Amino acid sequence: MRLLKSALVLPLQFYALASAMRSEEANNTQSELESDLLWGTYRPNLYFGTRPRLPNSLLSGLMWFGLDNQRGYETIRHSCELGDNLGEYGYARHNGRDFGEQTMLDTDHGVEIKSEFIKVPGKNGGSWAARFSGRTLNDDTDGVSLMYYFGLEGNGTMAMSALDDMLTIRGKTPELGRFNIRIVPAQSNVTPQLPNALHKVKGISSTSKISGVALKVPKTDVWRAKDFISQKVLTFAKSRILKIIEYTKSEGPFPGYVLFGMDTDIPKKKGKNLLFAQMVVQGEFSFDVIYECADEAAKIDAVSIEAIASNKRKEFDARFESVFKLREKGFSNAEVEMARNALSSLIGGIGYFYGSGLVSKDPKPEYGESDNRIAKPELSEPYSLFAAAPSRPFFPRGFLWDEGFQQLLLGHWDSDLSIEILRSWFHTMDSNGWIAREQILGDEARSKVPKEFQVQYPNFANPPTLLFPLEMLASWAKSAEISQSLNAATDANDMVQPIDTSHRSKAIRENLGEMAVYVSKMLEFFHRTQAGEVSVAAGQADGEQRMNAAHGFRWRGRTMDHTLTSGIDDYPRARPPNAGELHVDLYSWVTYMEMVNSNLAAYADSSSANATDEKTATSLDSKREMYLHWLDELHWNEDENMYCDVTVRVRDDFDELEDDESTATERVFVCHKGYISLFPVLLGLVPPDSAKLGHVLNIIEDPNELWTDYGIRSLSKSDQFYGKGEDYWRGPIWINVNYLLLSSLHRNYIPVEGPYQEQARRIYTNLRQNLIDNISKQYKESRFFWEQYNPEDGHGQGTHPFTGWTTLVVLIMAETY
């Protein structure tokens, strides 16, 4: 990622009251955006679920299970799970605002389901509808049970009524006002009928097209809807079995639709807060879920769902080509489809999370130190986060290190939506400038995380990738071509309906002005908590800034085999961990932060657009040179011709009796060729004419080191730890780092004449093609994007679908960095 090189810098203190200084126009725009984004598919941990961006409000979700296996109810589909083995799911189109569609293929339960989500603007977030259509996969089948529910976590009321052909729900909450819901099965749905032999069984009637169940559960447990309905289904089935056995004297087996097609059960007593609709179907089916706010102008019917979805589908495709121009670049239909699905699945992973996190008030002790003295972790006050989940089944929550990469793609598609997510992240920052690297908010989120990983420590940092999209937005705000860069461009046929971008440049600057304050506090946090011990070289430095640079930096939270805080979890470091370590990737991150921090205020303030401040420019150049000097002084190993970590060890010739104890240790390099050693180049810190660049490029291009036909491997093939242990970042190919390399080559080294320009161009061209070819191939074969790719044969591995930074393939195809 290229460093900002503007000479226009304003003091960050200017923005100390940035939030309060936002113009009335910007505040009005923000209010409109919040209303526009109130409702969405913001429960990414579910195959399909909706909620508003409000705490303790109205949740909804889809469930299903096949009826051919009488134990199918034990594996009701609800939350995305790797063990469900779905053959496909993930959005084919999702614009992040008012339209999304996906297909879910579940061969184990014998069903394929397509969901279409649309919204209509109106008061209190407007109205929305979801249409579910599909088919059972087997001709000879007992069918499938489809269920949809609404649950109320907070204050309010809901009441359900059942008719033969639909269920209706009337409700009200303080935030949403009054609302009406209809769940309507298609008239063409085929509902299996009771066998003739069971018509006379007392208490068993033919299955209706739709039935309803109303339950009262603790408000804090609404997210456990699957547990509650599973128990209800089992109780109902047991009751039916007893009745059938009593009448027929048969031990079964009995058809699944007979046992699990529930009768309507809506008690008259009020106060039910978890309402279910069930439909048992065979063959092709469809049903609509329609939520309407009290605004008469926001009504929805079955015809309008089809019309709106059709128009939005066409708009999406036209806009996608206008923004990324992949067909224009010559990509095939299959490649364009893959890229479209990548963007859409990233957007479909956006969620609204609310709850308390488990936080330690005390710093985590160093490796080898006892943690008996630190206070017991406590739950924080509840707070919210609007974020994109990297993986819906495995990482369905916010990750700080992932988010910056994700927002690079989302920002190109919808900068307003991206800014809303960035603001949400920065608003989680505490007064010390700390943001928890993993946002595990509430019981639902904690249910997916092992206990040993739930606690967040206030001395643990994480790569500051949020600066990537901020840098991008700042450059757009400064550019005279902002409308072309940010608008959803128009098409000759007027097919595209762009998001309104009036006053966008001013809005971006005002948001950046607010976020610049947070960036400054984040940088202070890194200097305060991640500084290294006084190094051998530090004695040569003078002045506070030089001392900061000369000290170097060290990730806290190390164990023998992991540095989770670095994001490069099991990449080999010094063994055993030592408080005297210095980490070259962290030094690179802090240097990058310093540069962006020094430039951001100028980019955010329109009044400085024509200003000239040579003194400030000189100061910035001096700071850059100082940090790059100490980067080389601390981390460049002349013997290995590479950047390395540093640790300290007792000198071999140290004599405890004769020598001064202060001279007992010496600095030694810890060198492992791979992603860590590339960071000074990845972040554009190494000058284009530096011989060090040539050495790094040689390592990248060598197939015995990092080069493969599928991407750059994370650790050199020649390293003793390659493929060993957990083998997470010890060889596998990760798309985020490959993207960083392409971006840096494209922006920092290919455009500049120098001794390594042609080598940089050759690496860029070949690496880009290798990545596109392999990701496309793996997607075609599996229909999934993967967490990482195997360095030996390129196959996808790790969790899937992984629709976080792997979706950067879209920007790689578009050559947009």
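This is a predicted model: local features need pLDDT of at least 70, side-chain atom pairs count only at pLDDT 80 or more; totals for chains, interfaces and linings use all residues.
What volume does the second largest cavity have?

1. Start with the empty spaces. Rolling a probe the size of a water molecule over the atoms shows where empty space is left. In this structure there are 8 cavities of 30 Å³ or more. The second largest cavity has a volume of about 80 Å³.

2. Next, look at what surrounds that second largest cavity. Its lining includes W39, G40, T41 and Y42, along with H94, G96, R97 and D98. F117, I347, I350 and L417 also belong to the lining. By residue type, the lining of this cavity splits into 6 nonpolar, 4 polar and 2 charged residues.

3. Now turn to the cysteines. A disulfide is a covalent bond between the sulfur atoms of two cysteines. The structure has 1 disulfide, and C644 and C671 are its partners, with an S to S distance of 2.0 Å.

4. The torsion about the S-S bond of C644 and C671 is about 105°, so the disulfide is right-handed.

5. Finally, are these cysteines buried or exposed? C644 counts as buried because its relative accessibility is 1%, whereas C671, at 24%, counts as partly exposed. Two other cysteines to check are C80, buried at 0% relative accessibility, and C293, buried with a relative accessible area of 2%.

Methods:
Residues are numbered from 1 along each chain as its sequence is written. Side-chain values use heavy atoms; hydrogens and water are left out. On a 1 Å grid over the protein atoms alone, a cavity is a set of points where a 1.4 Å probe fits but cannot get out, and a pocket is an open set with protein on both sides within 12 Å along at least five of seven lines; lining residues have an atom within 4 Å of a point. Grid points are joined across faces, edges and corners, and a volume is the space filled by probe spheres set on the points. Ala, Val, Leu, Ile, Met, Phe, Trp, Tyr, Cys and Pro count as nonpolar, Asp, Glu, Lys and Arg as charged, and the others, Gly among them, as polar. A disulfide is a pair of cysteine sulfur atoms within 2.5 Å. Buried means under 20% relative accessible area, exposed over 50%, partly exposed in between (1.4 Å probe, protein chains only).
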